[in-house]
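This report goes through one protein model for a reader who has not seen it before.

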Amino acid sequence: MSNSTLIRGGTVVTAEREHRADVLVHGETIAAVGEGLEAPAGATVIDAGGAFVMPGGVDPHTHMEMPFMGTVSADDFASGPAAAASGGTTTIVDFVIPSPQESLLAALDTWRGRAAKATSDYSFHMAITWWSDQVSREMAEVVKQGVTSFKYYMAYKGAIMVDDGVLVESFQRVRDLGGLCLVHAEHGELVAHLQDSIFAAGITGPEGHPLSRPPAVEGEASHRALRLAEVLGAPLYVVHTSCRDAMEPIGRARAAGQRCFGESLIQHLVVDDSVYRNTDWNQAAHHVMSPPFRPNGHQEALWQGIADGTISVVATDHCVFNTEQKRKGFGDFRKIPNGTGGLEDRMSVLWHLGVGGGRLTPCEFVALTSTNAARIFNLAPRKGLIAPGSDADLVVWDPGKSRTISAKSQRSRGDFNVFEGMTVVGNAAVTLSRGSVIWQNDTLQAEPGRGRFVPRAPFADYARAGQRRFDAAKPTAVKRGG
Ligand SMILES: [Zn+2]
């Protein structure tokens, strides 16, 4: 049997252009893109007539099998990436989160072990949850092992939060190593204070959650992280920007030439904070995530941020907790495990509302769901492109295929879906990961263990560009006579 596949008759869409072309795959990589390609003897032929052929989605923000708030997120590296493949996503970047005082290298080993059952490819970010000479030294080794982005939690006081001192020391270290900083931007001290005062005032249900994390809490931290990164010359990516307050500082920094990026989640583009007033506790608790869903109006602001380039990536922060796990916080909203899912629905919801809704072109959709993340995180040119030599991570996207989202039929192990009941037009018909069909005819064919770790090189270009700015601002002593 030949190990070639010809995807014939489709419209190839990349971040740059849309054109009629066949895609020939040899083994695990793309061999040719062009009109009228011949199928080699024995090749599998996939008919993409009437469909779009796009790079497989890249979700750079997921949490599989993550220990958090006294429990472990419900999707693992087998179920999560498989669910992703059913929605057209073929690569995830997950977070290694060492406990404070734990070795980064030990934590990386733990996560590599968890990811051994992955059904498609993955990479890692490393969280910095504490600071010492050892952490600083280990960061260099982590970079050598292909993990070149570092994540900081400015919230979750008493757990994984780091203070400004750690941010300052370690942003500089990331810059020197040619890495990229990521921040969860919320003022953790303020959140802890508001949580306690709201709880003390007798508000114990999920409606207390958004009250303890208003937009200003996120706006302050986004602004602070950007200014620290600016002074220290470190490139910065702000994860899950949920509101106008957090987005505007990113837009200002980008306009001023700072190397920074904004990410929003598909959930925050769609859902507003009315969900926390639901009289069904379980329904309300299932929307507890940080940052929380925002008052009406912020969703439109995020769409505007996408349009003006402030937001480069639409991700999910996929971190699923089931009803039984959410119940840990019954009677105390501070103990509800934070997280929602979205991995398998991200692309179809964005297509439906974005392309179907007249807000995005297909090329912009590919940029937001795949190419921008692949470029920002140095997964390109292996991922995020349809070009000879790139991995054959591809999705045949049927723009007419309709599906009604429901927790009952989802592939994720979650028992809830924030998009429940929404009918989306435009879905993945066939998904290939490194040349293998892993989703077709509404059936998963993704074997656990076939996914591979994708190492990422340091960001030499960002570092060079950042260094120039840093050098320009370098203090110099004034020479004076006697
Ligand atoms: Zn996250």
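Phe52 stands opposite Trp397 of strand β18. This is a predicted model. The two strands concerned are β7 (residues 52-55) and β18, which run antiparallel and are joined by four bridges. Strand β18 also pairs with strand β19 (residues 423-433), again in the antiparallel sense, over eight bridges. There, Thr404 has Thr423 in β19 as its bridge partner.

Asp398 belongs to strand β18, which covers residues 394-404. Is Asp398 buried or exposed, or something in between? Asp398 has 17 other C-beta atoms within 10 Å, so it counts as partly exposed. Neighbours within four places in sequence aside, its contacts are Ala51, Asn427 and Ala429. Asn296 lies 102 residues from Asp398 in sequence, and their C-alpha atoms are 31 Å apart.

**The eight-stranded sheet**

Eight strands with parallel pairing make an open sheet in the order β8-β11-β12-β13-β14-β15-β16-β17. The edges are held by β8 and β17 (311-315); each has a single partner strand, so one side of each has no neighbour in the sheet. From one strand to the next, the twist averages 30 degrees.

Strand β8 (residues 57-62) is an edge strand of this sheet, yet six of its six residues are buried, so the rest of the structure largely encloses it. Its pairing with strand β11 (residues 89-96) is parallel and has four bridges. Helix α13 (residues 346-355) lies across β8, β11 and β17, and runs at about 115 degrees to β8.

Further along the order, strand β14 (residues 180-184) and strand β15 (residues 236-238) run parallel and are joined by three bridges. Cys181 has Leu236 in β15 as its bridge partner.

**The four-stranded sheet**

An open sheet of four strands has the order β5-β4-β1-β6, and its pairing is mixed. Its edge strands, β5 (29-34) and β6 (44-47), each pair on one side only. Neighbouring strands here are turned against each other by 20 degrees on average, with direction ignored. Strand β4 (residues 22-26) and β5 run antiparallel with five bridges between them, and His26 has Thr29 in β5 as its bridge partner.

| Strand pair | Sense | Bridges |
|---|---|---|
| β8 and β11 | parallel | four |
| β14 and β15 | parallel | three |
| β4 and β5 | antiparallel | five |
| β7 and β18 | antiparallel | four |
| β18 and β19 | antiparallel | eight |

In soluble globular proteins, nonpolar side chains tend to be buried together. In this model the largest nonpolar core has 133 residues, and those touching the most other members are Val23, Val53, Cys181, Val183, Leu236, Val238 and Val396. Helix α14 (residues 362-376) supplies the largest share of this core, seven residues. A second, separate core consists of seven residues, among them Tyr276, Ala284, Ala285 and Phe333.

Which residues does Leu236 touch, not counting those up to four places away in sequence? They are Cys181, Val183, Ala225, Leu226, Ala229 and Cys260.

**Two packed helices**

Two packed helices are described by the angle between their axes and the distance between the axes. For helix α7 (residues 215-232) and helix α8 (residues 244-255), the angle is about 25 degrees and the axes are 7 Å apart. The two helices are therefore roughly parallel to each other. On the α7 side the contact is made by Pro215, Ala216, Glu218, Gly219, Ser222, His223, Leu226 and Glu230; on the α8 side, by Asp245, Ala246, Pro249, Ile250 and Ala253. Seven of the residues in this contact are nonpolar, three are polar and three are charged.

**A buried loop residue**

Val162 sits in the loop between β13 (149-153) and α4 (164-177). With 21 other C-beta atoms within 10 Å, Val162 is buried. Residues up to four places away in sequence aside, Val162 touches Ile128, Thr129, Tyr152, Tyr153 and Leu167. Val162 and Pro399 are 237 residues apart in sequence, with 44 Å between their C-alpha atoms.

Note on methods: Residues numbered from 1 in each chain as written. Predicted model: local features only at pLDDT ≥ 70, side-chain atom pairs only at ≥ 80, totals over all residues. Axes fitted to C-alpha atoms, helices over the stretch in contact; angles between N-to-C directions. Parallel < 35°, antiparallel > 145°, perpendicular 65-115°, else oblique. Contact = placed C-beta atoms within 7 Å. Nonpolar A, V, L, I, M, F, W, Y, C, P; charged D, E, K, R; others polar. Buried ≥ 20, exposed ≤ 12 C-beta atoms within 10 Å, placed from the backbone. Pairing = 2+ DSSP bridges. Core = buried A, V, L, I, M, F, W, Y, C linked by C-beta atoms within 7 Å.
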